[in-house]
Amino acid sequence: MKNCVKYLLISLLLFSIFYGCDKSNPVSNSISSQNLIPLARGNTWYYSGVAYDTVGNVRENFGEIHDVRGDTILFGKKLTFYSGSYVAYTDSGLIAYGGYSVSSDAPNDTVVYYNLLYKYPAQTGDSFGDGMKVGTIDTLVNVPAGSFHCIKYMGYTNSVLYYDAYISPGIGLIKVVSYFGANYIKEQSKVSSYMELKSYNLN
């Protein structure tokens, strides 16, 4: 009987070690795509940023607030208003409403456009949308709000890198680093601005 109790206590201890630990927000492709950026109404993210001129001087300090304001129906599709755009999740990841067109030959034939903002689940090297690429799927990023394991998304225009966006699944956008790109031929990869998460409230 004593041996049974002993083995039971050891089993409980091992279970608590392996399953009770804080995972420190690891990136996992098993997470539903709907958890990439949580879109519950009232979720709010607060950011601070710095913009530079071409010689590295601070041009301005700025702040941004991203929030989720609720759902609407556009062209028969349920979309959520997040950070100035109407977005929704698909099996491919987070998409944004991009407008519509009406055929002059068939006035009742409306074509609705959507852009894939962030592919998820994602693998390193994945390309998608208009010049988007997945850089890494687990990068540790330190910002005022804390340390987060992030997917690094890279945005290109005509094969020139313009920005890196770091998103922590289940938390949201953590950091954005923008580059001068083709706007500054001398040093295209020079940082033009960065924005990072200060605090957030999730419902």
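The legends below accompany close-up views of a predicted model.

**Figure 1. Overall composition of the predicted chain.** The protein chain contains one helix and twelve strands. Along the sequence, these elements follow the pattern α-β-β-β-β-β-β-β-β-β-β-β-β. Of its 203 residues, 34% count as buried. The accessible surface of the chain comes to about 12000 Å², and carbon and sulfur atoms account for 52% of it. Among contacts between residues at least 6 apart in sequence, 42% join residues at least 24 apart.

**Figure 2. An open, antiparallel sheet of twelve strands.** The strands are arranged in the order E6-E5-E4-E3-E2-E1-E12-E11-E10-E9-E8-E7, with antiparallel pairing. Strand E6 (110-119) and strand E7 (127-128) form the edges; each has a single partner strand, so one side of each lacks a neighbour in the sheet. Strands of a sheet pair through backbone hydrogen bonds, either parallel or antiparallel.

**Figure 3. Pairing of strand E1 with strands E12 and E2.** Strand E1 (residues 44-52) and strand E12 (residues 191-201) run antiparallel and are joined by eight bridges. Within this pair, Tyr47 has Leu197 in E12 as its bridge partner. E1 also pairs with E2 in the antiparallel sense, here over nine bridges. The bridge partner of Tyr52 in E2 is Val58. Five residues lie between the strands in the hairpin of E1 and E2, where Gly56 adopts a positive phi near 95 degrees.

Figure 4. Ser192 is located in strand E12. With a relative accessible area of 13%, Ser192 is buried. Residues up to four places away in sequence being set aside, Ser192 touches Val50, Ala51, Tyr52, Ser178, Tyr179 and Phe180. Tyr52, one of these contacts, is also the residue whose bridge partner in E2 is Val58.

**Figure 5. Pairing of strands E4 and E5.** Strand E4 (residues 85-90) and strand E5 (residues 93-102) are antiparallel and pair over four bridges. Tyr89 is positioned opposite Leu94 in E5. Tyr89 is also among the residues in contact with Leu36.

**Figure 6. The largest nonpolar core and the contacts of Leu36.** This core comprises 34 residues, of which Leu36, Ile37 and Tyr153 touch the most other members. At least two core residues are supplied by each of E1, E4, E5, strand E8 (132-143), strand E9 (146-157), strand E10 (160-168), strand E11 (172-179) and E12. The greatest contribution to the core is that of E11, with five residues. Beyond its neighbours within four places in sequence, Leu36 is in contact with Tyr89, Tyr118, Tyr120, Ile151, Tyr153, Ile167, Ser168, Pro169, Gly170, Ile171 and Gly172. In soluble globular proteins, nonpolar side chains tend to be buried together.

Figure 7. Phe75, Tyr100 and Val102 make a nonpolar surface patch of about 300 Å². Phe75 is placed in the loop between strand E2 (58-74) and strand E3 (77-82). The relative accessible area of Phe75 is 44%, which makes this residue partly exposed. Tyr100 and Val102, the other members of the patch, fall within the range of strand E5 (residues 93-102).

Figure 8. Side chains of opposite charge can pair when their charged atoms come close.

- Glu60 and Arg59 meet through their side chains at 3.9 Å, N to O. Glu60 is partly exposed at 38% relative accessibility, whereas Arg59 is exposed, with a relative accessible area of 55%.
- Asp67 forms a salt bridge with Arg69, and their closest N and O atoms are 3.2 Å apart. Asp67 counts as buried because its relative accessibility, 18%, is under 20%. Arg69, by contrast, is exposed, with a relative accessible area of 55%.
- Glu187 and Lys190 are joined by a side-chain salt bridge of 3.9 Å, N to O. Glu187 is partly exposed, with a relative accessible area of 35%, and Lys190 also counts as partly exposed, at 22% relative accessibility.

How values were computed. Residues are numbered from 1 along each chain as its sequence is written. This is a predicted model: local features need pLDDT of at least 70, side-chain atom pairs count only at pLDDT 80 or more; totals for chains, interfaces and linings use all residues. Side-chain values use heavy atoms; hydrogens and water are left out. Two strands pair if DSSP finds at least two bridges between them. Patches are made of residues with over 30% relative accessible area and no salt bridge: like charges are joined within 9 Å, nonpolar side chains (Val, Leu, Ile, Met, Phe, Trp, Tyr) within 5 Å. Accessible areas come from the Shrake-Rupley method with a 1.4 Å probe; for residues, only the protein chains shown count as cover. A salt bridge is a side-chain nitrogen of Lys or Arg within 4 Å of a carboxyl oxygen of Asp or Glu. Buried means under 20% relative accessible area, exposed over 50%, partly exposed in between (1.4 Å probe, protein chains only). Contact means heavy atoms within 4.5 Å. A nonpolar core is a set of buried Ala, Val, Leu, Ile, Met, Phe, Trp, Tyr and Cys residues joined through side-chain atoms within 4.5 Å.
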